[in-house]
Amino acid sequence: MANIAFIGVGNMGNPMARNLMAAGHTVTAFDISADFLARVADAGAKTAGSAAEAASGAEVVITMLPAGKHVKDVYLGGLFDALEPGKLLIDCSTIDVAAAREVHAAAAEKGFPMVDAPVSGGVGGAEAATLTFMVGGADDAVASARPLLEKMGKTIVHCGGAGNGQAAKICNNMMLGIQMASVAEAFVLAEKLGLDAQRLFDVSSTASGQCWSLTTYCPVPGPVPTSPANREYEPGFAAALMLKDMGLALAAAKDTGADVSVAEKAASLYQDYSDAGQAGKDFSGIINLIRDRAD
Ligand code: NAD
């Protein structure tokens, strides 16, 4: 069983840390939020007053932070000095590929094996330990991380070298963001044409329009009773998080010269929806923006 430093025990990190403790690991947590830190302490974690203090004496460091800036602040801000070289670093945050590769390179220079391991599955997946991990890093680092990731998730895919976990995450979520926009537009067009939503669902869910945004997350109430549309678009996956991930995809496309013109258009819908005060609503709520814009 390992001594694990867990930095960033927010909505995702809290249940992930709890699953590690349930598997018998010892967790020392740090978060700048006293509230989140208290919650994980209630579940049995030790707490620390800084990331470096949490890392001191740890065998593994896991981070689950909001964005690349926070990940760079934590790893490049003194944590390496608190940790014995050779200890494993696992960053589960969703961040830009460039920042992930920068932190990997700094870790390698100091003698720390590292993996980027962003997740899919949301808070429900974190609680149920059914997350999908998309992992980037060297084979031996991924092999060391795998037994811990298996305590927090169900599917672990090694996507290649440093930063490739982040690359897989943003490519996947770019597809999702575009697909939801396409499904939402189709259902609004169907309304205009006098085609019942359930009938469109019955056709498309078994035809070539089939996708997760339709069959699991249908943006109109009715056809999929568990989708956020049936509970006033309470998330689920908030529009703000989709906007963040689309932003990461657009930035990566800019860096690499990839043409993502459809993603740019889809991202503008999540931006407009967020600007309209709906950032905390589920991302499938863009259907209301699209409907309101129709003549
Ligand atoms: P969150 O905001 O609830 O948690 C992040 C935590 O990091 C907060 O508690 C915050 O106080 C803490 N933090 C920020 N800076 C810190 C620092 N310097 N030192 C220590 N703690 C610090 O966010 P979340 O929903 O848990 O998401 C975490 C990551 O997981 C994000 O990168 C997000 O994009 C990704 N993600 C979230 C979901 C989801 O459904 N919530 C799904 C997949 C991926």
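**View 1. Aromatic pairs across the whole structure.** Searching the whole structure turns up six aromatic pairs. Keep in mind that this is a predicted model. Two of the pairs get their own close-ups below.

**View 2. Tyr 75 with Phe 80, a tilted pair.** Here the rings of Tyr 75 and Phe 80 sit 6.3 Å apart, centre to centre, and their planes make an angle of 35 degrees, a tilted arrangement. Tyr 75 is buried, at 0% relative accessible area. Phe 80 is buried too, with a value of 8%.

**View 3. Trp 212 with Tyr 217, a stacked pair.** With 25 degrees between the ring planes, Trp 212 and Tyr 217 count as stacked, because planes under 30 degrees apart fall in that class. Their ring centres are 4.5 Å apart. Trp 212 is partly exposed, with 41% relative accessibility, whereas Tyr 217 is buried at 12%.

**View 4. Helix α12 against helix α13.** Helix α12 covers residues 261–278 and α13 covers residues 286–293; they pack with their axes 9 Å apart and at about 90 degrees. So α12 runs roughly perpendicular to α13. On the α12 side, the contact involves Leu 269, Tyr 270, Asp 272 and Tyr 273, which meet Ile 286, Leu 289, Ile 290 and Arg 293 of α13. By residue type, that contact has six nonpolar residues, two charged and no polar ones.

Methods: Residues numbered from 1 in each chain as written. Predicted model: local features only at pLDDT ≥ 70, side-chain atom pairs only at ≥ 80, totals over all residues. Heavy atoms only, no water. Axes fitted to C-alpha atoms, helices over the stretch in contact; angles between N-to-C directions. Helix = DSSP H or I, 4+ residues; strand = E, 2+ residues; numbered from the N terminus. Parallel < 35°, antiparallel > 145°, perpendicular 65-115°, else oblique. Contact = heavy atoms within 4.5 Å. Nonpolar A, V, L, I, M, F, W, Y, C, P; charged D, E, K, R; others polar. Phe/Tyr/Trp six-rings, centres within 6.5 Å; stacked < 30°, edge-to-face > 60°. Buried < 20%, exposed > 50% of the residue type's maximum accessible area, 1.4 Å probe, protein only.
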